Amino acid sequence: MIQVSPPDKYGFCSYGVSTDVVKSAAESASKVIAKINPQMPRALGDRFISMLKSMPHRKLQQFCCIDYDSEMSFVAHTKDGVKQNIVGLGSYHLNPATHRAEIAFMMADAWQGKGIGTYMMQALVKIAKSKKIKGFTAEVMRDNVAMIALMQKAGVEPKSTIVNGSYLFTMDF
Ligand SMILES: CC(C)(COP(=O)(O)OP(=O)(O)OC[C@H]1O[C@@H](n2cnc3c(N)ncnc32)[C@H](O)[C@@H]1OP(=O)(O)O)[C@@H](O)C(=O)NCCC(=O)NCCS
């Protein structure tokens with residue numbers, strides 16, 4: 001999950017001010033969720049990302065045949081007549097090697113601090129437990145107070161270690 005600048009007329013977004021880890025992570029990930037941040041400066045150089053131009057069959061399968069045993073996502077949306085706007089996402093993705101799932105959350109700025117993240121986290125914990133998943137992991141920047149607070153409100157005591165300057169949280173159910 002990354003933040004990018006708004007797209008240009010060709011659909012290219014810039015990774016913004018720093019490409020050190022974000023570019024490599026986005027290029028090696030099988031799925032990238034990008035939040036368009038109007039405050040992110042459009043920086044030049046080898047730092048652009050765009051939506052897929054084609055959808056190979058193998059990739060399409062991932063979207064059409066969702067494996068609910070290893071992936072779960074919630075979205076929060078507003079409703080204005082028939083128009084819906086996604087304002088938040090909470091998901092987990094199982095690592096079959098550890099049988100723990102990595103979690104990812106993102107709420108639009110105007111919808112943060114309203115309890116949506118806490119609601120999604122508690123729902124994800126409940127579903128993961130029912131699927132006999134061992135626990136959750138999350139790598140969180142040390143100054144991300146909102147995400148740290150969210151981890152602590154999950155109803156399961158998280159353990160943390162510091163890896164590469166970030167917290168690596170583990171919650172075992
Ligand atoms: C982290 C995030 C998903 C939390 O979602 P949320 O819907 O805002 O969470 P909630 O409203 O349920 O609040 C959870 C806790 O975070 C705190 N919090 C939420 N937004 C905050 C902010 N901007 N600053 C400080 N604390 C904040 C809340 O006060 C609450 O703690 P409390 O109940 O003890 O007061 C959301 O802030 C977000 O999208 N942040 C940007 C993306 C991100 O950092 N994702 C995680 C990457 S690891």
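This is a predicted model: local features need pLDDT of at least 70, side-chain atom pairs count only at pLDDT 80 or more; totals for chains, interfaces and linings use all residues.
A residue is called buried here if 20 or more other C-beta atoms lie within 10 Å of its own, exposed if 12 or fewer do, and partly exposed in between, with the C-beta atoms placed from the backbone. By that criterion, buried residues make up 19% of the 173 residues in the protein.

Residues are numbered from 1 along each chain as its sequence is written.

Let me begin with the overall fold. The protein has 4 helices and 10 strands, where helices (H or I, at least four residues) and strands (E, at least two) are DSSP runs numbered from the N terminus. Along the sequence they follow the pattern β-β-α-β-β-α-β-β-β-α-β-α-β-β. An automatic or database domain assignment divides the protein into domain 1 (1-59) and domain 2 (66-173), and the C-alpha centres of the two domains lie 22 Å apart. The C-alpha trace spans about 45 × 35 × 35 Å along its principal axes.

Now to the interior. A nonpolar core means a set of buried Ala, Val, Leu, Ile, Met, Phe, Trp, Tyr and Cys residues joined through C-beta atoms within 7 Å. The largest one has 20 residues, of which Tyr92, Ile103, Leu124, Ala128 and Phe136 touch the most other members. Strands S6 (83-95) and S10 (166-172), together with S7, H3, S8 and H4, each supply at least two residues of this core, and the largest share, 5 residues, comes from H3. Apart from it lies another core, of 6 residues, including Val4, Cys13, Tyr15 and Phe48.

Phe136 deserves a moment of its own. Leaving aside residues up to four places away in sequence, Phe136 touches Tyr92, Arg100, Ala101, Ile103, Ala128 and Met171, contact meaning that the C-beta atoms, placed from the backbone, lie within 7 Å.

Definitions and conventions
Two residues are in contact if their C-beta atoms, placed from the backbone, lie within 7 Å.
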